Number of protein chains: 2
Amino acid sequence: MIPTPYLLYLGHSDDPLGIKTSRGLAHFVPELCVGEFRHDDCPLTLGIERLTIEEARARGANTLVLGIANPGGSMGQALVEDALVAIALGMHVAAGLHHRLREVPALVEAARAAGVTLFDVRDAPADLPVGSGIKRAGRRLLTVGTDCSVGKMYTSIALQRAMQAAGLAADFRATGQTGILIAGRGIAVDAVVADFISGAVEVLSPARSDDGWDVIEGQGSLFHPSFAGVSTGLLHGAQPDALVLCHEAGRPHMRGLPHFAVPGLAECLEANLRTARLTNPAVQAVGVCINTSRLGEVEALAFCADAGQRLGLPCTDPVRFGVTPIIEEIARCFAPSPLATTVSA
Amino acid sequence: MIPTPYLLYLGHSDDPLGIKTSRGLAHFVPELCVGEFRHDDCPLTLGIERLTIEEARARGANTLVLGIANPGGSMGQALVEDALVAIALGMHVAAGLHHRLREVPALVEAARAAGVTLFDVRDAPADLPVGSGIKRAGRRLLTVGTDCSVGKMYTSIALQRAMQAAGLAADFRATGQTGILIAGRGIAVDAVVADFISGAVEVLSPARSDDGWDVIEGQGSLFHPSFAGVSTGLLHGAQPDALVLCHEAGRPHMRGLPHFAVPGLAECLEANLRTARLTNPAVQAVGVCINTSRLGEVEALAFCADAGQRLGLPCTDPVRFGVTPIIEEIARCFAPSPLATTVSA
């Protein structure tokens, strides 16, 4: 396990979507975060205290979390220099970039000298199997999206917490760096060798016999030409009983690709259901979650109402309006059968 | 480059589909193969001379090609012991398994002592980009399949050679171990990190300005729950102008998965066209290639005629009947426009 508390790194970032790991930690586990570190040219903030690395260390921060991401996951020189400062102060460093901390000799050497650890949370377990497609016990919900970075992780954790609050057994199964840092475990499915995507998800979400749910964090989008392979393998490995479609209202184009339009909600949902049916023909859509952060309150309500009506599903912004309608839909769709009720009564 | 000629390894294999690398080399580059090596319990043969490793070395074999595959690509102890014999005789060793030669300390040590090289042909190039989806110049044909191991590589090479024979510029772009050993280059797309599948194919098949074709070897199947992620990323990275669907007549179930049925040809073709349209809306199907090895000649002709009529496409067994009808369909679908003819006249 990665020693907490964390100092959350923003560095020189100016892409609000690129800091989603730091933002996710500040939101979901604020009790584990002493503050944020950013340079003067960084226009972003997590709304928590801004600290220098030295100040954060003095307040007890044990790990610098390089919670930024960019397509492809490379690591810049400024980031390495900041990490060296933290290491020299005795802090561990954690990152989920494709470019690994252990592949930067300066960091490896400094960490060894300081007696601290580099945590590459995207490293996959050894000896993953290829996917079998064999049906396993238990129920699974997977979040899918019209694009990357539309709120799949946020939605997944909100749903899992709401299920628990409603008395259901439910586990969050993290598939990306942020989710893994929040949950303390998981597999970064976009970082496994391509032949093992669905197999990794079968390992991540094993059979469960308690009538509870695994809420599995989706990745990418079937409509993103860079990452649809990952999304496809994730759908097949998850064998979802339930899908929740995630979308950002008003996004102008696919993330990182100005030449690609965002798909329509109905088209995207149908493609996901069609793909999911290969390993679970009984898959159902149970809701739609919209990131309405570009809209005012009235517009946001109208957007959700309209989308929900068109798709015939509960539709909400989980940040603004919560996920209760989707929890109710799940209860309705997956009610214990009368027979099961009789048996357990 | 890997030193030739090769000794082709069958070992203890008893799965005819599992020896497709050795079989492909014996078929497509027989001039580079001195013979096959198999143990007494191996019921298979490539139809070339059976030699001991010592005999092969005496006849000039420079590399032992471990041309066998199994789901997941692991490496057994018997295989390692045979490779050690070859190394002790001064031969290089090449393999395309997921489990790498360089990860077996006994092989690494023996190779160093003998001054020979271990070739892991599945190793991907460093620093692959994520896919951009940006349209690039030139024409591309991709083979897709109802399942793994149905003849996509065979079909790809047959099409590329027939195109060249017809006077077209055409390159074979290998995406698997066998193709790479035959072509001398390529990228094993199932071995790249999942986020980079489509990006790897963009690198493998760069823009070309000679009005010629890249014939790209497909992998897996959109309907194989272990490997559909790879197939999806390959479709998106290839941006195919033309698809050829490959299928084995009479296959009882998906490879390695007795609980999964093989999809119908029409359903499979439509799913591939739909997926391909994300990065090339103009994609067209130009033919169907059937592996009819389980059928007699009359049945094989009838199967192809029936499938071709149902799909409205030329349909052939490339081994038995050649690929001429598909080459003619490509000429018809991709004829130079009248304007282009005028300009070049």
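This is a predicted model: local features need pLDDT of at least 70, side-chain atom pairs count only at pLDDT 80 or more; totals for chains, interfaces and linings use all residues.

Modeller: Residues are numbered from 1 along each chain as its sequence is written, chains are lettered from A and ligands numbered from 1 in the order in which they are written, and side-chain values use heavy atoms, with hydrogens and water left out.

Colleague: Which residues of strand E4 of chain A point the other way from A:His92 and A:Ala94?

Modeller: In a regular strand the side chains alternate between the two faces of the sheet. Strands (E, at least two residues) and helices (H or I, at least four) are DSSP runs numbered from the N terminus. In strand E4 (residues 92–95) all are buried, that is, under 20% relative accessible area with a 1.4 Å probe and protein chains only, where exposed is over 50% and partly exposed lies in between. Opposite to A:His92 and A:Ala94 point A:Val93 and A:Ala95.

Colleague: Which residue of E5(A) is the bridge partner of A:Ala95?

Modeller: Strands count as paired if DSSP finds at least two bridges between them. E4(A) runs parallel to strand E3 (residues 63–66) with 4 bridges, and there A:Ala95 is the partner of A:Leu66. E4(A) also pairs in the parallel sense with strand E5 (residues 118–120) over 3 bridges. In E5(A), the partner of A:Ala95 is A:Asp120.

Colleague: What is the N to O distance in the salt bridge of A:Asp15 and A:Arg255?

Modeller: A salt bridge places a side-chain nitrogen of Lys or Arg within 4 Å of a carboxyl oxygen of Asp or Glu. Between domain 1 and domain 2 of chain A the count is 1 salt bridge. For the side chains of A:Asp15 and A:Arg255, the N to O distance is 3.3 Å.

Colleague: Which residue of chain A forms a salt bridge with B:Asp195?

Modeller: The area buried between chain A and chain B is about 2600 Å², and the interface holds 2 salt bridges. In one with B:Asp195, the closest N and O atoms are 3.8 Å apart, and the partner is A:Arg122.

Colleague: Why does B:His224 count as buried?

Modeller: B:His224 lies in the loop between strand E8 (213–216) and helix H8 (228–238) of chain B. Its contacts (heavy atoms within 4.5 Å), leaving aside neighbours within four places in sequence, include A:His236, A:Leu278 and B:Asp147. B:His224 counts as buried because its relative accessibility is 1%.

Colleague: What is the phi of A:Asp211?

Modeller: A:Asp211 sits in the loop between helix H7 (197–204) and strand E8 (213–216) of chain A. A:Asp211 is exposed, with a relative accessible area of 55%. Its phi is positive in a residue other than glycine, near 65 degrees.

Definitions and conventions. Buried area is the accessible area (1.4 Å probe) that two parts lose on being put together, summed over both.
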